Amino acid sequence: MVDGQSPEAQPESGITDIIVTAQRRTESIQNSSLSLAVVDAKQLATAGVTQPEGLSRLVPNLQVGSFAYARIYLRGVGDNTANGFAQSAVAFNVDGVHVARSTQYGGSFYDVARIEVLKGPQGTLYGRNASAGVINVITNAPTQKFEGYLSANVGNYNFYQLQGALNVPITDTLAGRVAFNVVERDGYLQDGYDDESQRSGRLRLLWEPSSAVSLGLKADVTHTGGKGQSGVVFPTPAGADPWMAASGDLVRQYQIATGSPRVPTDGFVDNTYVGVSAELNAKLGFADLTVVPAYRWQDFAFYASPAGNLNFREADKVYQTSLEVRLARNTSNYNIVLGGFYFREVTYADSRIDQGARAGALAGNSSIFTSYRAPTKALAVFADGRLSLTDRLRVLAGIRYTDEKRGLFGVTTTFSTIASVPTCPPTIALFDPAYRFCLQGRADNEVKNNAVTWRGGVEFDLAPRSMAYARVDRGFKSGGVFSGAAPGNDYAPEFLTSYVAGVRNRFLDNKLQVNLEGFYWDYQDYQFTFVNFDTRGVSALVTRNVGAARIYGGNVDVVWQPQRSDTFTFNVEYLNARFKSFTYTTSLASDPARECPSLGVVGSVNAPGRGPVSLYGYSCAGAALPRAPEWTLRGGWTHEFELSSGATFTTDIDAQYSSSYKLDLTKVAFLTQSPYALLNAQLTYRSPDRQVTVTAWMRNITNRAVYNDARRYGSTNFAGGDIRPPRTFGASLKYSF
């Protein structure tokens, strides 16, 4: 079945079933044992989601930060590496196609049917780099109905959005759908950063020559521009605006304290990406065949200051090819999927990082130039199924074998004013006379990863509308190569095993839905990126496997619809996420960024121009995982007033609460997001014929400052933070036909 064309559940009184395809079959979420949150088109529109960051307001314990790259965390598990070839622990798919680069996520949030967020490792159907979960974006597929819509949305910060779609039945067997999205907004920060500028378009064709065969074709293109993201001082100094200019004088005093360069006022993002894909579905009699080939291309450049303590330029080109082939058979007694997956990607990345240091005799400035080619190739085979042992009891099982090769080839040149490294030889051109010292190193290295991941479980129907389940799932995120010099610049995969049990229920003649779930995650070989010496004795941003964590908790989801015009929703999730072990080394005799207990001198390395340098060990065992609040709550109320003319007014009010959580992997007390509550509301008018919709909306009504993460300015009591949007408000008009 083509994504975006799932059939609706049979009409009945009370709560309507949500239909999903996350397990490569069509089913109600109430009949699925997946840890799954579904966001439909109405919720996306109500929340005003135009970027991945907006999902943080809709899915508990989903944390999405934005710099030039989207950084996604689920229950504290994600990826803290910010570079053009990083691998996210939360896999991102659009219409069945895996999108590896997080720089391409933002152009997907328009003309969407629904978004499925799978929590926990997905080791069989989704495989590589899905150790924390999966986000599936399903856009609207063509149908044999002439229809469409056009909408305009305006708001403060000079925000405007134009969006539309046209669905056309071309012949009795061929239909097409074209959609577009234009977004412009001034920056939330005083100097114009944290703005938005996007142009996206998508074309989908669906050919169904018979009831047994369908072929879908899709092409999409997106360009994002503007100034991009920057940081703010955290915590906010007394009397200052949390959304102050990162390039202003108030921020500058903290940058000077650590020798950080001034935040540029001419930052930019210039990102174009294109994708083409197809989906063939054929009923073969003994099974259903699905073939999904895809190709993606990206040309990406940006200049910005992440966290305000270094300036970063980067230019990437990315080429991605993938192919997935599946055979599925679904009967009343069993469901089975067999398949294979091929993935190839090559990233060409060039970057420059300008930074400073204030460390006594080592005070100075440096610029790091890199030029790399990062190839990835992965092959996988998988099997997954569900078997009914009785009318009420089912067993689940799945397995996947993945073979992957990742490499990094190229050179890093560090230019410095610090006389602790050798003088530049004549063969290396000086770009600035002040930078008389330099080092070069080659990253040339390649690692091979192979892994067997799996799942197993049981489902038992307690009653016609109550199901209990228990599952165990194992997933992994591949290892790789960081940009330090070879050898020794590689790291191993990380693994996560999840144990889950829960129950899904409908009560009161289908008017009350109560779902409960508990989980325990065993997280091994944690990949940690930090500043340390590489094997040359040169400071680099290294990635190491440093420890293990345990994460446990539970959640309750409630939907109550006492009458057709009123719907109440409530969700609460408890999370306890701590490191069981965490050990790393650095040349610092004290590490102000984390303040973890010292293990003393654990080794040494020969640093160019300095000779032997002691390495100190630190243990962060017992520290909380960042971006993992202990409590998150979300509630909402929707009420529809029906007028005598047939028109309706609908009120939507929702609130979100989060307890405090760490913004970085640290024991530093101030690097903590304090508890917060967010309130949003909107009022919608729909004409009697439902063709005209007018909406007034306001988000973050109390103008609460909330941060995605923060990085400490050396040993100061301030950090550069990534802040979420302030209060926004506006109105929209939509015409459907």
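**View 1. The buried side of helix α2 in this predicted model.** Helix α2 spans residues 249–257, and its buried residues are Val 251, Arg 252, Tyr 254 and Gln 255. These four sit on the same side of α2, because they cover an arc of only 165 degrees around the axis. Their packing partner is β15, made of residues 232–234. Follow the chain just past the end of α2 and you reach Gly 259, with a positive phi of about 70 degrees.

**View 2. The disulfide of Cys 424 and Cys 438.** Here the two sulfur atoms are 2.2 Å apart. Cys 424 belongs to the loop between β21 (393–416) and β22 (437–442), while Cys 438 is in strand β22 itself, so the bond ties together parts that are 14 residues apart in sequence. Both cysteines are buried.

**View 3. The disulfide of Cys 596 and Cys 620.** In this pair the S to S distance is 2.0 Å. The link is right-handed, with 105 degrees about the S-S bond. It connects distant parts of the chain, 24 residues apart: Cys 596 comes from the loop between β32 (566–586) and β33 (598–607), and Cys 620 from the loop between β34 (611–619) and β35 (631–642). Cys 596 and Cys 620 are buried too. The model has 2 disulfides, and with the bonded cysteines numbered in sequence order the pairing reads 1-2, 3-4.

**View 4. Residues 6–11, where pLDDT stays under 50.** For this stretch the model has 10 contacts beyond four places in sequence.

How values were computed. Residues are numbered from 1 along each chain as its sequence is written. This is a predicted model: local features need pLDDT of at least 70, side-chain atom pairs count only at pLDDT 80 or more; totals for chains, interfaces and linings use all residues. Side-chain values use heavy atoms; hydrogens and water are left out. Buried means under 20% relative accessible area, exposed over 50%, partly exposed in between (1.4 Å probe, protein chains only). Helices (H or I, at least four residues) and strands (E, at least two) are DSSP runs, numbered from the N terminus. The arc is that of the directions from the helix axis to the C-beta atoms. Contact means heavy atoms within 4.5 Å. pLDDT is the predictor's confidence in each residue, from 0 to 100. A disulfide is a pair of cysteine sulfur atoms within 2.5 Å.
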